Amino acid sequence: MLALISSCSVSLPRFWAFRSALAAAAVVFMSAPTLAQQTAPPMLQPDTMAARVAACTACHGAQGRAGADGYYPRLAGKPQDYLYHQLLNFRDGRRQYRPMTHLLAGLPDDYLREMAAYFSEQHVPYPAPVRADVSAATLEAGRRLAKEGDAARGLPACASCHGAALSGMLPAIPGLLGLPRDYIGAQIGSWKNGLRRAAAPDCMADISHKLTPNDIGALAAWLSSQPVVEPYVPDAANSVRLPAECGSQTQR
């Protein structure tokens, strides 16, 4: 008992010093949110959509302008319905990428629509393209597939759905320019291998099955090498007659 009392007596000054430090830390902690609100950039103000989608922009770049690693695609300015459908597809398992599925699990449809609306309204400059280090013949093969297609194989041109400027078409067809080469190739490959699906009839799945690995490489090289000419916005809905029925255009 004497030893215990002695120990407590010796520790008392340290206790009061620790208590004072803890109280000071509590004051700083309680005032920290106010200080953070005063110094945070406007786009990260609490209770804004920009702040809520910070988990998205950590990979897809500020305002969804694209990731710096050349894989995560641009979200900014894409058609709202296209973005909404992709969020649904990730959440519901039609697209296979576990981090996205985990991030979206349990989020209701209306909230996904809000997220899609936010990114569709972001308009930030596109970086200059990086010319793919491939032969001129490969680039020309990619250009032909994108602009003319291959009637002998039943392949419509990319432009016949994605617009003459390849800027997409409302409500849900995205633009194809300003995307990283690796991303384009990976997504066509995912459709071809069944890792990416869309609402039936899945026109992109049908097209991807007709593309050879050389076709995919040529398309990815040519598309990623093209500059984006502003204004780069989707064409109006039904501005052209699609060569195939696409469920994504009627999905709600």
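P201 sits in the loop between α9 and α10. Helices here are DSSP runs (H or I, at least four residues), numbered from the N terminus. This is a predicted model, in which local features need pLDDT of at least 70, side-chain atom pairs count only at pLDDT 80 or more, and totals for chains, interfaces and linings use all residues. Residues are numbered from 1 along each chain as its sequence is written, and side-chain values use heavy atoms, with hydrogens and water left out.

- Most residues other than glycine have a negative phi, and most peptide bonds are trans.
- A200 and P201 are joined by a cis peptide bond, with omega about -5°.
- A cis bond also runs from E230 to P231, where omega is near 0°; P231 belongs to the segment after α11.
- D47 is not a glycine, yet its phi is positive, near 65°. You can find D47 in the loop between α1 (2-39) and α2 (49-52).

**The disulfide**

- Searching the whole structure turns up 1 disulfide, meaning a pair of cysteine sulfur atoms within 2.5 Å.
- Its partners are C203 and C246, with an S to S distance of 1.9 Å.
- C203 is in helix α10 (residues 203-210) and C246 is in the segment after α11, so the pair ties together parts that are 43 residues apart in sequence.
- The disulfide is right-handed because the torsion about the S-S bond of C203 and C246 is about 115°.

- Helix α9 (residues 181-192) packs with helix α11 (residues 213-225) at about 145°, and their axes are 8 Å apart. Axes are lines fitted to C-alpha atoms over the stretch in contact, and angles run from 0 to 180 degrees between N-to-C directions.
- In this contact (heavy atoms within 4.5 Å), the α9 residues R181, I184, G185, I188 and K192 meet I216, L219, A220, A221, L223 and S224 of α11.
- The contact residues divide into 7 nonpolar, 2 polar and 2 charged. Ala, Val, Leu, Ile, Met, Phe, Trp, Tyr, Cys and Pro count as nonpolar, Asp, Glu, Lys and Arg as charged, and the others, Gly among them, as polar.

Methods: Helices (H or I, at least four residues) and strands (E, at least two) are DSSP runs, numbered from the N terminus.
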